[in-house]
Amino acid sequence: MLYASFLRPEGIFDSLFNKAAAFVTRGNFCHSELVFRWDDEERKQVVERVKGFSDLRHVNGPVDVAVYVLWGDRVRYRILGGDTEFWKFPEKDTIKIQLKWEQELNCITWLSNQIGREYDTVGALLCPFHWRKEDLAYDRYFCSQLMGCALKRQGYLTYVNPGGLSPNSLFAMLKTH
C-alpha cells in the first residue's frame, strides 16, 4: 500500500524556514514524502525486482519504507520502525494512494533509480511561480516534485506539472482525487 505523507513545520521540521515555506505556498505543510507499507510477500517481491534496497533483505515480515528528499540533501529512503517522529509511520496527514500492485512496483522501481539525485533548491524556491517545464523526470528534485513525478508516471495524476507542485498544492490535489 502506498501513502502520501505531509509534514507541518512542527517537531523536527519546526524552523522559521519551514514555517515560511508553508506560508508562501499557502498551506499547513512544509514537506511531503511517499511511504510504502508492504507485507512480507510484497517486501520479497520488491527485493527481487528493485536494486538499491539491500537493507530490505535483512527484514522479516511487514515493512514501511519512506522515499524522500530533504532541503539541501539527496533523494534517500529509510526503513520506518523507530520511536521518533522521523523513524515511525506517520500518524496524521497521510493520504492513501490507490494503485494496483504492478503500478506500485513500477513506482518503487522508478524511485529507486532516483536515489542519490540532488535537491532542487531553485525549483523548490520557484515552484509557486510554475516556472519549470513539465516533465516526467528531472535531474534534481524537491519533495513534492519527486512525488508528483512518481505518481504521474503511474497515471495516478494527470494534467499536472510536477515542477510546480508544493506540498500544499499536492495535498489539495490528492485530497480531491
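Reply: What follows is a set of questions and answers about this model, which is a predicted one.

Me: Why is Glu33 called buried?

Reply: Glu33 has a relative accessibility of 3%, and the word buried is used for values under 20%, so Glu33 counts as buried. This residue lies in strand 2, which runs over residues 31-38.

Me: What makes the link between the side chains of Glu33 and Arg78 a polar contact?

Reply: The distance given for the side chains of Glu33 and Arg78 is 2.5 Å, and a polar contact needs a pair of N or O atoms within 3.5 Å, one able to donate a hydrogen and the other to accept it; the pair is therefore listed as a polar contact. The side chain of Glu33 also makes a polar contact with the side chain of His31, at 2.9 Å. When residues up to four places away in sequence are not counted, Glu33 touches several others, including Tyr3, Leu7, Tyr68 and Met147.

Me: Which residues touch the most other members of the largest nonpolar core?

Reply: That core has 46 residues, and those that touch the most other members are Phe6, Phe36, Ile97, Ile108, Leu111 and Leu174. Among the elements that each supply at least two residues of this core are strand 1 (2-7), strand 2, strand 3 (63-68) and helix 3 (101-112), while helix 5 gives the most, with six residues.

Me: Which residues is Phe36 in contact with, leaving aside its neighbours within four places in sequence?

Reply: Among them are Met1, Leu2, Val63, Val65, Glu104, Cys107, Ile108 and Leu111. There is also a second, separate core of five residues, which includes Tyr3, Val35, Leu80 and Phe89.

Me: How do you know that Arg26 is exposed?

Reply: The relative accessibility of Arg26 is 75%, and exposed is the word for values over 50%, so Arg26 counts as exposed. Arg26 is placed in the loop between helix 1 (16-24) and strand 2, and it has a positive phi of about 60° although it is not a glycine.

Me: What makes Tyr159 exposed rather than buried?

Reply: Tyr159 has a relative accessible area of 84%, and because a value over 50% is called exposed and one under 20% buried, Tyr159 is exposed. This residue lies in the loop between helix 5 and helix 6, and its phi is near 55°, a positive value in a residue other than glycine.

Key:
Residues numbered from 1 in each chain as written. Predicted model: local features only at pLDDT ≥ 70, side-chain atom pairs only at ≥ 80, totals over all residues. Heavy atoms only, no water. Helix = DSSP H or I, 4+ residues; strand = E, 2+ residues; numbered from the N terminus. Buried < 20%, exposed > 50% of the residue type's maximum accessible area, 1.4 Å probe, protein only. Contact = heavy atoms within 4.5 Å. Core = buried A, V, L, I, M, F, W, Y, C linked by side-chain atoms within 4.5 Å.
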